[in-house]
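Dear colleague,

Please find the structure below, handed over for your own work. My findings follow directly after it.

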Amino acid sequence: MKHLHSDQLYKAACEVIPCGVSSSMRKNVQPLQFFERADGPYFYDVDGNRFLDYTLAWGPLIAGSNHPVINNAVTEQLQKSYTLGAQHPLEVTLAKRLVEVLPGVEQVAFSNTGSEAVQSAIRIARAYTGKTKIVKFEGHYHGWLNNVLVSYKPQATQLGSPAPGCGGQPVSEYGETLVLPWNNLSALKSLLAERGHEIACVLTEPILANSGCCMPLEGFLEGVIDSCREHGVVSVFDEVITGFRVALGGARAYFGLQPDMSVYAKAIAGGFTMAAVGGRREIFDVLREGKTIHAGTYNGASINLAAALATISLLSAGDCYDKLHNYGFALRSCLQQAADKAGVTMVTSGTGSVFSTHFGLRQTPLNYEETLQADTAMLARFRSLMLVEGVLLLPDGRWYIGITHGAEELAATRRAIERTFAKL
Ligand SMILES: Cc1ncc(COP(=O)(O)O)c(C=O)c1O
């Protein structure tokens with residue numbers, strides 16, 4: 001694999017961009033590559049290498065890249081306006097569509113990124129309940145801001161109490177955040193019984209996509225919603241990954257559940273900058289009553305609205321989610337067979353179009369703590385061998401499938417997996 005030009009650019013980037021990357025999460029993705037363009041499920045780097053992509057830009061590219069439907073919608077909108085800092089008819093069209101497809105969502109407020117939308121949800125929940133503490137779970141990621149970048153990837157010795165995710169996070173900014181192990185309903189129930197009067201909201205990824213794609217235990221999410229309701233606490237599903245991915249209606253539809261609020265980003269606009277907080281109308285009354293605000297220069301930018309509507313129209317096609325799920329399950333079974341054949345201990349967890357591999361584990365993990373036992377060195381070796389095969393994977397073992405992954409890509413990936421396990 002050639003990487004001369006990427007290496008040169010990396011060196012040049014480090015001179016003018018700290019660490020040479022625009023998001024710290026990317027600096028661990030080695031070798032650091034620069035990409036020139038992307039088309040369908042393929043990424044092309046500056047050295048002329050082509051990769052079959054399973055990163056989907058960390059999730060958003062559910063329709064791949066350069067999709068004609070999204071391109072046309074965006075180009076058409078480009079001629080009319082980029083962003084107006086004012087109302088646009090597509091805001092109403094998109095909001096109506098979201099209310100249609102997201103079960104139990106009665107209203108939506110638009111933002112640009114998942115991090116921002118999470119902050120809006122927290123603020124609205126605080127204004128609604130008049131309480132300030134928030135609860136999150138170990139291993140869950142809700143964006144990079146100080147009050148939620150807490151116990152995201154704690155070391156084993158840090159489990160059990162809130163741990164800041166990086167330097168520059170004063171306790172005063174995460175002191176209102178309480179942390180619990182996930183998939184442990186009794187721990188949540190005890191906390192709510194004791195401190196529910198202080199707690200504004202409980203945030204959870206409905207599938208723990210950011211730490212090994214752990215699935216919720218039967219009844220856990222339902223228990224979160226019910227216990228929150230019992231204690232006057234707002235339940236918030238962070239659907240930044242599951243939204244428009246596990247089903248058109250996200251985890252709400254997939255699990256048949258209706259938390260008070262949900263947060264969407266990533267796949268909602270197929271790679272354009274769009275996020276939304278959705279929930280019960282009554283909760284948004286705090287905005288109507290002027291008790292709090294939700295703001296942003298680029299909120300509801302017309303170009304992103306057009307991209308979101310085009311993406312959702314693509315995802316609304318009949319058997320789209322069956323295809324995504326079938327592809328994902330076929331890949332997982334291929335991975336498992338190849339691992340078993342090679343005598344490599346590995347399991348996968350997650351669901352159709354987003355799942356994770358866990359080397360060194362014999363059972364699918366149920367929470368962050370259980371993922372800590374995985375063999376990360378083996379995962380890194382697997383990833384770099386797959387890269388040589390022309391398959392691009394995220395560094396944490398997560399795979400994302402999009403609607404442009406088809407039979408040809410599945411066959412090519414199977415061959416790459418078989419060859420890679422033979423080398424492992
Ligand atoms: C579940 C979840 N919530 C929030 C975020 C933050 O979203 P963004 O990176 O768009 O700010 C992410 C990003 O990966 C995420 O996975």
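Predicted model: local features only at pLDDT ≥ 70, side-chain atom pairs only at ≥ 80, totals over all residues.

Residues are numbered from 1 along each chain as its sequence is written, and side-chain values use heavy atoms, with hydrogens and water left out.

Helices (H or I, at least four residues) and strands (E, at least two) are DSSP runs, numbered from the N terminus. Two strands are taken as paired if DSSP finds at least two bridges between them.

The sheet and its helices

Three strands form an open sheet in the order E11-E12-E14, and their pairing is antiparallel. At its edges are strand E11 (346–351) and strand E14 (398–400), each of which pairs on one side only. On average, neighbouring strands of this sheet are turned by 25° against each other, direction ignored. Here axes are lines fitted to C-alpha atoms, for helices over the stretch in contact, and angles run from 0 to 180 degrees between N-to-C directions. E11 and strand E12 (residues 354–359) run antiparallel and are joined by six bridges; Thr351 stands opposite Val354 in E12.

Helix H11 (residues 320–342) lies across E11, E12 and E14 and runs at about 170° to E11. Helix H13 (residues 376–388) also packs on the sheet, where it touches E12 and E14, and its direction makes about 120° with that of E12.

Strand E10 (residues 275–279) is largely enclosed by the rest of the structure, because five of its five residues are buried (under 20% relative accessible area; exposed is over 50% and partly exposed in between, with a 1.4 Å probe and protein chains only). Ala275, Val277 and Gly279 point one way from E10, whereas Ala276 and Gly278 point the other way. Strand E4 (residues 107–111) runs antiparallel to E10 and is joined to it by five bridges, with Val277 as the bridge partner of Ala109. Four bridges join E9 to E10, again antiparallel, and Val263 stands opposite Val277.

Asp260 is placed in the loop between helix H8 (250–255) and strand E9 (261–264). Asp260 is buried, with a relative accessible area of 3%. Its side chain makes a polar contact of 3.2 Å with the side chain of Arg229, and another with that of Arg280 (3.2 Å). A polar contact is a pair of N or O atoms within 3.5 Å; within protein, one must be able to donate a hydrogen and the other to accept it, and residues adjacent in sequence count only if both atoms are side-chain atoms. Leaving aside neighbours within four places in sequence, the residues in contact (heavy atoms within 4.5 Å) with Asp260 include Val233, Arg252 and Ile283.

Two helix pairs

The axes of H13 and helix H14 (residues 407–423) come within 9 Å and cross at roughly 130°. That makes H13 oblique to H14 (angles under 35 degrees count as roughly parallel, over 145 as roughly antiparallel, 65 to 115 as roughly perpendicular and the rest as oblique). Among the residues that meet are Phe382 and Leu385 in H13 and Ile417 and Phe421 in H14.

Helix H3 (residues 89–101) and helix H10 (residues 302–315) pack at about 35°, with their axes 9 Å apart. Residues making this contact include Leu94 and Leu98 of H3 and Leu305 and Leu309 of H10.

Kind regards
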